[in-house]
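Subject: Two-chain model, handover and notes

Hello,

Here is the model you asked for. My notes follow below it.

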Amino acid sequence: MTDMSQDYNFAYLDEQTKRMIRRALLKAVAIPGYQVPFASREMPMPYGWGTGGVQVTAACLTPEDRLKVIDQGADDTTNAVSIRKFFERTADVAVTEATSEASIIQTRHRIPEQALSEEQILVYQVPIPEPLRFLEPRESETRKMHALEEYGLMHVKLYEDIAKNGHIATAFAYPVKVEGRYVMDPSPIPKFDNPKMDDCPALQLFGAGREQRIYAVPPFTKVVSLDFEDHPFEAGRAAHDCALCGAGDSYLDEVIIDDEGGRMFVCSDTDHCRTRREAGHTGALGVPEAFA
Amino acid sequence: MTPLLEVRDLTKRYGPRIGCADVTFELWPGEVLGIVGESGSGKSTLLSCLAGHLAPDTGSVVYDTRANGARDTLTMSEPERRMLGRTDWAFVHQNPRDGLRMNVSAGGNVGERLMAVGARHYGNIRATASDWLGRVEIADERIDDRPSAFSGGMQQRLQIARNLVTGPRLVFMDEPTGGLDVSVQARLLDLIRALVRDLGLSAIIVTHDLAVVRLLADRLMVMKSGRVVEEGLTDQVLDDPQHAYTQLLVSSVLHV
Ligand SMILES: Nc1ncnc2c1ncn2[C@@H]1O[C@H](COP(=O)(O)OP(=O)(O)O)[C@@H](O)[C@H]1O
Ligand SMILES: [Mg+2]
Ligand SMILES: [Zn+2]
């Protein structure tokens, strides 16, 4: 029988590609919030499925790692399951759904509720890395704006928001300033998650496959959400407790529960909710995990 | 008194073709200089070189900066030049689409330069925007409308408000009334004249329309084939042109 490991590269990408991505990652870590171009490779999944995040994860993964993959906070969605399976197959790494047990967490659109540690890497899947794109479509011009720290336009976007809605209505991909220098798009996480990026002990890496950009927030970096003096940033949250675990401080999804339009609010972070229920917390519609 | 702008031997070629050549002049504080000439005579090229939008091949453009006195804007760093461009200078394009953000409200358009220099109080930014819309005769209830919903004349007035909100000392205008109906032109000219006078602005206005400079400019430069062929006080040049080309221009033979 032939040795299969000779035919396949660990974590799919060839070593040269991983080295190229690691060089981009090192540069990204050295210049927090700066978008580093990289030669994104074809991956065996469509864009929009997190090819940027997958390449970053592949370049960071070692055989000893334990991987967690979430999509909107859940481990069991099609996207999360297929990425997890991909790395189980190509890297034979251990996987987990428990935030605390993972050494690398790849995420689409959420930051786990449980505080991350210095031992962890959080890899974000990014669709559009350029926060200035909305108002300035010319790449040559946005690059110059970053280089010269000309960020007035970012506030024009927030101004428009208030003029139209009476308050800053941007609820996802809320722009931040990293270490007092680069303005960064945190990917479409809810602004509720923005404060978790600030002074976070974990390394945060961002990969945009189609747009071929990598950027990073190193551990313990200052991340500030942009705002106005008279319209300060507010993390915001639905005014409910989780129906299953009773959490009053987690980010909630609204779920339809019957044909009569009945709804309930539940933690979007499925691991967080389960962990709480296992510890005996119960919400209005929930039963403790032990009896479920 | 020191000149606000001192231009020496400015030349810009496009390959073998001359854009403008050997242009030398001074602009004094509070002065309005008109640049006239037929289409293709180099007016826009010259203006773009002065405003730092185009890099000339040779020459110098020395500006009397507020902070550091006389500085050659061609050799200063790009961040410095861009900062001048959105604080102490203003540029009014012939086509408002080139000078406005069409997908941003009128208030946001006026507020942008304030935010670019660090304004972070929404209420104050909006109040200033509202004040400036009033000064260019745009009704306050249009503050949240996008310029795409405005008439050509309103768009041009909005562009002017957006430029003047940071209190610039020097305004560059390239055919500011071009493309507008005659009656709209007259109203816009009156407005520009009042603003320039009330704010004590210095301005360089490029136009092929002698009526515009007759109304606005203290002094005139006449360009032909990229070169300045005559200059002087506006009334003198228009009433007693010396150069044969200026005589043609004034007799409106070229004026079609
Ligand atoms: N981008 C360009 N490339 C090549 N030639 C140009 C360019 N812009 C202007 N020119 C030429 O330079 C000369 C001056 O043009 P311009 O400054 O636009 O004149 P004006 O504004 O007086 O009409 C003309 O001969 C014109 O064809
Ligand atoms: Mg022109
Ligand atoms: Zn819950």
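A polar contact here is a pair of N or O atoms within 3.5 Å; within protein, one must be able to donate a hydrogen and the other to accept it, and residues adjacent in sequence count only if both atoms are side-chain atoms. With that in hand, the backbone nitrogen of A:Thr99 lies 3.1 Å from a polar atom of the A:Asp271 side chain.

The model is predicted: local features need pLDDT of at least 70 and side-chain atom pairs count only at pLDDT 80 or more, while totals for chains, interfaces and linings use all residues. Residues are numbered from 1 along each chain as its sequence is written, chains are lettered from A and ligands numbered from 1 in the order in which they are written, and side-chain values use heavy atoms, with hydrogens and water left out.

A:Asp271 itself lies in helix H7 (residues 270–278) of chain A; helices (H or I, at least four residues) and strands (E, at least two) are DSSP runs, numbered from the N terminus. A:Asp271 counts as buried, at 4% relative accessibility. The classes are buried under 20% relative accessible area, exposed over 50% and partly exposed in between (1.4 Å probe, protein chains only). Apart from neighbours within four places in sequence, A:Asp271 is in contact (heavy atoms within 4.5 Å) with A:Lys68, A:Asp75, A:Glu97, A:Ala98 and A:Thr99.

Next, the sheet of chain A. Two strands pair if DSSP finds at least two bridges between them. On that basis 7 strands of chain A form an open sheet with mixed pairing, in the order E1-E9-E8-E5-E4-E2-E3. Strands E1 (36–37) and E3 (94–95) are the edges, each pairing on one side only. Within the sheet, E2 (residues 66–71) and E4 (residues 104–108) of chain A run parallel and are joined by 5 bridges; A:Leu67 has A:Ile104 as its bridge partner in E4(A).

Is A:Gly48 buried or exposed? A:Gly48 is exposed, because its relative accessible area is 55%. This glycine sits in the loop between E1 and helix H2 (51–60) of chain A. Its C-alpha atom is 8.2 Å from that of A:Arg210, a residue 162 places away along the chain.

In chain B, strand E1 (residues 5–14) pairs with strand E4 (residues 58–65) in the antiparallel sense over 5 bridges, and B:Thr11 has B:Thr58 as its bridge partner. A hairpin of 3 residues joins E4(B) to E5(B).

Last, the interface. Chain B and chain A each give 21 residues to the contact. About 1900 Å² is buried between the two chains, 55% of it on carbon and sulfur atoms; buried area is the accessible area (1.4 Å probe) that two parts lose on being put together, summed over both. B:Arg82, B:Arg120 and B:Tyr122 supply 38% of the area that chain B buries against chain A, more than any other three residues.

There are 5 salt bridges between the chains, each a side-chain nitrogen of Lys or Arg within 4 Å of a carboxyl oxygen of Asp or Glu. One of them links B:Arg86 to A:Glu150, with the closest N and O atoms 2.9 Å apart. Polar contacts between chain B and chain A come to 13 residue pairs, both residues at pLDDT 80 or more.

Regards
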